[in-house]
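Hi,

Here is the structure I said I'd send over. Have a look at it first, and then read on for what turned up.

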Amino acid sequence: MRRRFEPSGPLRGRAAPPPDKSISHRAALLGAMCDEPVTIQNYLYAEDTLSTLDALRSLGAAVEPQTGDALLVRGVGLRTAAPTTGGLLDVRNSGTLLRILPGWLAGQAGGVWTLDGDDSIRRRPVDRVIEPLRRMGAELSAREDRFPPLTVQGADLAGIEYELPVASAQVKSCVLLAGLLATGETAVIEPLPSRDHTERMLRRARVPVERDGAAIRVSPVDELELDVVAVPGDPSSAAFLAAAACIVPGSRIVVEAVGLNWTRTGFFRIAGRMGAVVVGDLEEEAAADADEEPVGEVDVTQAPLEGTTVEPDEVPLAIDELPLVALLGCFADGETVVRGASELRLKETDRIAAVVDGLRGLGADIEATPDGFAVRGGTGLRGGVLDARGDHRMAMLGAVAGVASTDGVEVDGIEAAAISYPGFERQLDAMTAA
């Protein structure tokens with residue numbers, strides 16, 4: 001489906017982003033691992049997170065919608081995931097589910113499951129979870145030992161110390177969940193900090209999770225104990241509205257009830273460094289024993305932008321928003337460079353290629369590098385057609401580019417935005433019409 005986004009006057013108003021996708025996935029998964037029912041408030045009802053609910057039903061959990069966006073999960077317990085019909089779990093387009101769920105399944109001795117999904121998922125590598133889980137004792141197989149379908153044969157696991165080759169919250173979470181079912185201690189060593197939602201939620205569930213420098217350690221437990229999980233607004237989704245406010249002259253918006261976890265607010269810090277006026281109680285680096293998600297509002301006002309360089313240590317804290325950094329760079333004086341972001345090539349599409357080709361087609365002076373991109377800005381964007389390539393973040397990038405462009409942008413595949421942000425078009429329309 002195509003939709004044209006016309007140039008806009010100043011964005012105004014307040015908006016609450018949709019519930020956090022990463023936290024929704026994890027809350028549902030940990031809820032299924034509990035013996036007692038878990039209530040999830042403000043669950044994200046979108047294609048990706050509905051895939052997780054369907055998979056958990058296949059594993060024996062009961063999922064009961066409650067009033068509003070609440071959800072009740074009646075789990076099967078830590079060690080009793082049910083065999084599935086034919087052993088197949090359809091993750092559809094959910095890379096998060098594909099990479100985190102095997103950690104739980106790997107510790108279910110005697111069980112065999114195969115995870116598969118759509119064409120996009122079949123291009124997403126899973127070797128990063130295969131390696132540590134094999135070292136712990138599980139048996140896994142995949143196409144070319146790298147791509148889905150991924151078959152997991154559960155086993156009695158032994159704890160390991162595993163050093164991540166690349167910072168990845170999904171792989172980290174996978175290994176930590178396997179560690180709950182292993183004998184002895186399991187440690188994951190990160191090269192750089194990544195999202196810590198899993199660690200916080202495990203602490204809430206009374207799991208002894210310790211951070212010692214770059215190492216996160218867990219020990220086996222008999223059960224998880226969660227009661228209520230409140231999902232905050234998604235900062236990655238909020239970033240698209242914020243980016244529009246950064247580049248449309250005269251704009252000022254307030255994003256409400258959004259998660260302010262320091263491992264998720266990298267984009268807001270980068271935008272502020274480039275010159276946008278960003279006001280909010282962003283969390284500083286969290287305490288080692290943090291178990292809650294900070295929530296608040298962020299006020300964003302347009303101002304002249306200057307180019308910047310995003311270094312590799314910033315990348316994991318803004319990985320999903322880096323396409324927006326490229327967009328801001330088009331409107332900033334000087335050069336904007338992103339380095340150390342080769343992980344973008346392994347998303348729903350090759351996001352480095354998609355961003356460079358997409359923005360260049362709209363008039364940007366941008367080039368790809370092996371691990372990022374460089375933008376020479378100051379001229380803004382003319383407009384044109386942007387192919388979303390089935391990627392929800394590319395679809396939203398095109399929409400935001402349209403409202404800031406000279407001639408408008410037609411987004412081919414705008415329906416992909418609903419994968420993570422139901423209501424995105426409506427909220428953007430409301431703010432541009434205010």
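One thing to keep in mind is that this is a predicted model. I'll start with the second largest pocket, which holds about 230 Å³ of space. Its lining is made up of 17 residues, and Asp196, Arg211, Trp262, Glu285 and Ala286 are the closest to its centre. Sorted by class, that lining has eight nonpolar, three polar and six charged residues.

Now for the largest pocket. Its volume comes to about 610 Å³. There are 39 residues around it, with Ala167, Ser168, Ile319, Glu343 and Lys347 lying nearest the centre. The class breakdown for this lining is 13 nonpolar, 11 polar and 15 charged residues. If you want to find the pocket by its helices, look at helix 1 (21-32), helix 3 (95-105), helix 4 (127-136), helix 5 (169-180) and helix 11: each of them supplies at least two residues of the lining.

Helix 11 deserves a paragraph of its own. It covers residues 392-404, and at 1.5 Å a residue its 13 residues should span 18 Å; the end C-alpha atoms are 19 Å apart, so the two values agree. How much of helix 11 is buried? The helix is mostly covered, with 13 of its 13 residues buried.

Cheers

Conventions:
Residues numbered from 1 in each chain as written. Predicted model: local features only at pLDDT ≥ 70, side-chain atom pairs only at ≥ 80, totals over all residues. Heavy atoms only, no water. Helix = DSSP H or I, 4+ residues; strand = E, 2+ residues; numbered from the N terminus. Expected span 1.5 Å × (residues − 1). Buried < 20%, exposed > 50% of the residue type's maximum accessible area, 1.4 Å probe, protein only. 1 Å grid on protein atoms, 1.4 Å probe; cavity = no way out; pocket = protein on both sides within 12 Å on 5 of 7 lines; lining within 4 Å. Points joined across faces, edges and corners; volume = space filled by probe spheres on them. Nonpolar A, V, L, I, M, F, W, Y, C, P; charged D, E, K, R; others polar.
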